[in-house]
Amino acid sequence: APPVFEDAGGGAWNFISKITASDQATIEFTSKITSTYNHYVFVMSKLRQGASVGATNVEMHVSANNGSTWLNNSYDYHFSATTASSASYAAIASGSGTEFTLFATPTDDDSNWGGVIHMLDPLSTEVGNQFLAHLLVGNTPTSVVGGGQHFSGSAINAIKFELANGGNFRDGSITLYGVTDS
């Protein structure tokens with residue numbers, strides 16, 4: 001008899017919200033992170049910076065009051081980058097940053113980026129709020145992998161993405177999912 005496969009259960013991604021960029025300075029998810037899930041995933045798809053923005057960093061900020069203010073300390077992270085056309089390695093890291101610096105954007109206005117960022121147990125006030133990321137950046141693909149924690153003792157309930165130099169996100173989207181435990 002052929003093998004019988006059963007549903008393993010758990011791990012379902014449940015759609016919460018999608019924001020499509022349209023020449024805007026920030027992409028913010030406020031009032032979306034609740035006690036419903038312990039694991040959230042942000043899926044970035046074909047995001048591009050505005051024309052003539054130039055090279056800059058993409059940053060992620062967290063809030064403990066649904067985005068009324070953004071926490072500006074206690075970000076610990078390390079992200080490594082390798083490019084398809086090179087054997088070189090680059091890293092962005094901080095032991096006490098004012099935001100999560102995810103990666104540097106390419107200087108080419110037509111380059112886009114995408115990938116996933118996992119947020120684990122964001123409402124915990126006892127341990128650091130953990131993030132894991134795997135992103136693909138640019139037309140000559142650069143793989144960015146890393147993670148970090150935010151240590152404020154606060155429950156995180158909002159996330160903001162922005163460009164460090166104040167430029168705009170021209171287009172693309174970020175979709176938020178909640179992951180079911182079982």
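Strands (E, at least two residues) and helices (H or I, at least four) are DSSP runs, numbered from the N terminus. The model is predicted: local features need pLDDT of at least 70, side-chain atom pairs count only at pLDDT 80 or more, and totals for chains, interfaces and linings use all residues. Residues are numbered from 1 along each chain as its sequence is written, and side-chain values use heavy atoms, with hydrogens and water left out.

View 1. Lys 46 belongs to strand 3 (residues 39-49). Its phi is positive, about 50°, although Lys 46 is not a glycine. Lys 46 counts as exposed because its relative accessibility is 60%; exposed means over 50% relative accessible area, buried under 20%, and partly exposed in between (1.4 Å probe, protein chains only). Asp 23 is not a glycine either, and has a positive phi of about 50°. Asp 23 sits in the loop between strand 1 and strand 2 (26-30), and is exposed with a relative accessible area of 52%.

View 2. In the order 1-12-3-8-9-10-5-6, 8 strands form an open sheet with antiparallel pairing; two strands pair if DSSP finds at least two bridges between them. Strand 1 (13-20) and strand 6 (89-97) each have a single partner strand, so one side of each edge strand has no neighbour in the sheet. On average, neighbouring strands of this sheet are turned by 15° against each other, direction ignored (axes are lines fitted to C-alpha atoms, for helices over the stretch in contact; angles run from 0 to 180 degrees between N-to-C directions).

**View 3. Strand 5 beside strand 6.** Strand 5 (residues 75-83) and strand 6 run antiparallel and are joined by 7 bridges. Ala 81 stands opposite Ala 90 in strand 6.

**View 4. Surroundings of Ser 63.** Ser 63 is part of strand 4 (residues 57-63). Ser 63 counts as buried because its relative accessibility is 0%. Its side chain makes a polar contact with the side chain of Asn 65 at 2.8 Å (a pair of N or O atoms within 3.5 Å; within protein, one must be able to donate a hydrogen and the other to accept it, and residues adjacent in sequence count only if both atoms are side-chain atoms). A polar atom of the Ser 63 side chain lies 2.9 Å from the backbone nitrogen of Gly 67. Leaving aside neighbours within four places in sequence, the contacts of Ser 63 (heavy atoms within 4.5 Å) include Trp 70 and Asn 157.
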